[in-house]
Amino acid sequence: MEAYKQEFIEFMVDSHVLKFGEFTLKSGRKSPFFMNAGAYVTGSQLKKLGEYYAKAIHDKYGDDFDVLFGPAYKGIPLSVVTAIAFSELYGKEIRYCSDRKEEKDHGADKGSFLGSKLQDGDRVVMIEDVTTSGKSMEETVPKVRGAANVEIIGLMVSLDRMEVGKGGVKCALEEVHDLYGFETNAIVTMEEVIEHLYNKEYKEEIIINDDLKKAIDAYYAQYGAK
């Protein structure tokens, strides 16, 4: 596993973004783990987060793209901090763009989008925190493709939960790939999280012990992608 992935897993734990216990998800599923990107709140956290996204995007998609698109609301700061990090790490100026939940009907920046205007020929990387069902892409992809003649080259999320999407067979990232035809990737997968943390001491604590591993295995037996 790449060093930046190991660092990112520990970063999620340190930032209280990735938690383990008993959680009820929006889908109604009872999960032994939960990821909340809204817990990244400080300047140093956001700076590091942008760097991890930038490294993963550069690793998977290179730098031959023009726009980072982050769906509202959580995708807005993600696209901003990643665009900054991409400039600092790779010397490539990438524009950011996000959608609005409600269209603005006045001012110089009226319309459905924030940030850079999408232009014909733009190559776009979508950026999100986590994709559990793929529902956000249902709303976002048509908006992006309808704004200009763009090419969406891929989606990057921070964590692949590796559980079935709405179709009940494939994981949500695979469903998005099959439905829209662009690549989907994550900085890390839950498999990599478990590999890095299971029965290994981190800051004098075992994050994933045998009992928690059993709970995670039981969850994937019910909801894991086939």
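The model is a predicted one, in which local features need pLDDT of at least 70 and side-chain atom pairs count only at pLDDT 80 or more, whereas totals for chains, interfaces and linings use all residues. Residues are numbered from 1 along each chain as its sequence is written, and side-chain values use heavy atoms, with hydrogens and water left out.

The buried residues of α7 are Leu-212, Lys-213, Ile-216, Tyr-219, Tyr-220 and Tyr-223; buried means under 20% relative accessible area, exposed over 50%, and partly exposed in between (1.4 Å probe, protein chains only). Seen down the helix axis, the buried residues of α7 fall within an arc of 120°, so they line one face; the arc is that of the directions from the axis to the C-beta atoms. An α-helix has 3.6 residues a turn, so residues three or four places apart point the same way. Asp-211, Lys-214, Ala-221 and Gln-222 are exposed on the other side of α7. The cover over the buried residues of α7 includes β1 (18-24), β2 (30-35) and α6, where contact means heavy atoms within 4.5 Å. At the start of α7, a side-chain oxygen of Asn-209 comes to within 3.2 Å of the backbone nitrogen of Asp-211.

Ser-31 is part of strand β2 and, at 2% relative accessibility, counts as buried. A polar atom of the Ser-31 side chain lies 2.7 Å from the backbone oxygen of Phe-33. A polar contact is a pair of N or O atoms within 3.5 Å; within protein, one must be able to donate a hydrogen and the other to accept it, and residues adjacent in sequence count only if both atoms are side-chain atoms. Beyond its neighbours within four places in sequence, Ser-31 is in contact with Gly-21, Glu-22, Phe-23, Leu-25, Arg-161 and Tyr-219.

Salt bridges (a side-chain nitrogen of Lys or Arg within 4 Å of a carboxyl oxygen of Asp or Glu) number 13. In the pair Asp-64 and Arg-123, the closest N and O atoms are 3.7 Å apart. Asp-64 lies in the loop between α2 and β3 and Arg-123 in strand β6, so this pair ties together parts 59 residues apart in sequence. Asp-122 and Arg-95 meet at 2.8 Å, N to O; Asp-122 is buried at 5% relative accessible area, and Arg-95 is partly exposed at 25%.

Backbone exceptions were also found. A cis peptide bond, with omega about 0°, joins Ala-72 and Tyr-73. Asn-199 has a positive phi of about 55° although it is not a glycine, as has Lys-203. Most residues other than glycine have a negative phi, and most peptide bonds are trans.

Definitions and conventions: Helix = DSSP H or I, 4+ residues; strand = E, 2+ residues; numbered from the N terminus.
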